[in-house]
Amino acid sequence: MVERLFADLDATLTPAERASFQVAALRERDGRLSVETYAPVPAAQALIKAAVKASTQICQNCGAPGKRRTFSGWAATLCPPCRQRLGAMRIGGGD
Ligand SMILES: [Zn+2]
């Protein structure tokens with residue numbers, strides 16, 4: 001997903017925009033992509049916004065369509081099989 005974002009950015013931005021576009025921070029937080037840039041580049045903002053939105057609809061584990069769910073204290077975007085596997089892992093490891 002991040003790779004696709006940068007491929008899109010590369011294809012969309014003009015050389016000048018690309019020069020001023022610098023990612024300050026890129027991380028995944030609570031099952032959602034978070035991108036911070038040093039200087040706002042309007043052409044890039046739209047792509048980033050779309051990628052962030054997509055990141056809440058794609059399983060962060062395998063890339064299948066998923067849903068963002070909040071668990072106890074944290075959130076993750078997972079497809080049903082991954083959610084089940086993760087849930088079984090968390091529950092199973094406790095006892
Ligand atoms: Zn998955």
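In helix H3, Ala44, Ile48 and Ser55 are buried, a residue being buried if 20 or more other C-beta atoms lie within 10 Å of its own, exposed if 12 or fewer, and partly exposed in between, with C-beta atoms placed from the backbone. Seen down the axis of H3, these buried residues fall within an arc of 35°, so they line one face of the helix; the arc is that of the directions from the helix axis to the C-beta atoms. The model is a predicted one, in which local features need pLDDT of at least 70, side-chain atom pairs count only at pLDDT 80 or more, and totals for chains, interfaces and linings use all residues. Residues are numbered from 1 along each chain as its sequence is written.

**Helix H3**

- Helices (H or I, at least four residues) and strands (E, at least two) are DSSP runs, numbered from the N terminus.
- H3 covers residues 42–55, and its 14 residues should span 20 Å at 1.5 Å a residue, which agrees with the 20 Å between its end C-alpha atoms; the expected span is 1.5 Å times one less than the number of residues.
- Pro42, Ala46, Lys49, Ala50 and Lys53 are exposed on the other side of H3.
- The cover over the buried residues of H3 includes helix H1 (2–12), helix H2 (15–20), strand S2 (32–37) and strand S4 (75–78), where two residues are in contact if their C-beta atoms, placed from the backbone, lie within 7 Å.

- Phe21 lies in the loop between H2 and S1 and is partly exposed, with 18 other C-beta atoms within 10 Å.
- Not counting residues up to four places away in sequence, Phe21 touches Leu13, Thr37, Val41 and Ala44.
- Phe21 and Pro42 are 21 residues apart along the chain, and their C-alpha atoms are separated by 9.8 Å.
- Pro40 is placed in the loop between S2 and H3 and counts as exposed, because it has 9 C-beta neighbours inside 10 Å.
- Between the C-alpha atoms of Pro40 and Val23, which are 17 residues apart along the chain, the separation is 9.9 Å.

**Strand pairs**

- Strand S1 (residues 23–29) pairs with S2 in the antiparallel sense over six bridges; strands pair if DSSP finds at least two bridges between them.
- Within this pair, Leu26 stands opposite Val35 in S2, and Arg27 stands opposite Ser34 in S2.
- The hairpin of S1 and S2 has two residues between the strands, and Asp30 takes a positive phi near 50° there.
- Of the seven residues of S1, the number buried is zero, so S1 lies largely in the open.
- Strand S3 (residues 67–70) runs antiparallel to S4, joined by four bridges, and Arg69 stands opposite Ala76 in S4.
- The hairpin of S3 and S4 has four residues between the strands, with Gly73 taking a positive phi near 85°.

**Domains**

- The domain assignment of the protein gives domain 1 (1–56) and domain 2 (59–95); such bounds come from an automatic or database domain assignment.
- The centres of domain 1 and domain 2, taken over C-alpha atoms, are separated by 25 Å.
- Six residues from domain 1 and six residues from domain 2 take part in the contact.
- On the side of domain 1 that touches domain 2, the residues divide into no nonpolar, three polar and three charged; Ala, Val, Leu, Ile, Met, Phe, Trp, Tyr, Cys and Pro count as nonpolar, Asp, Glu, Lys and Arg as charged, and the others, Gly among them, as polar.
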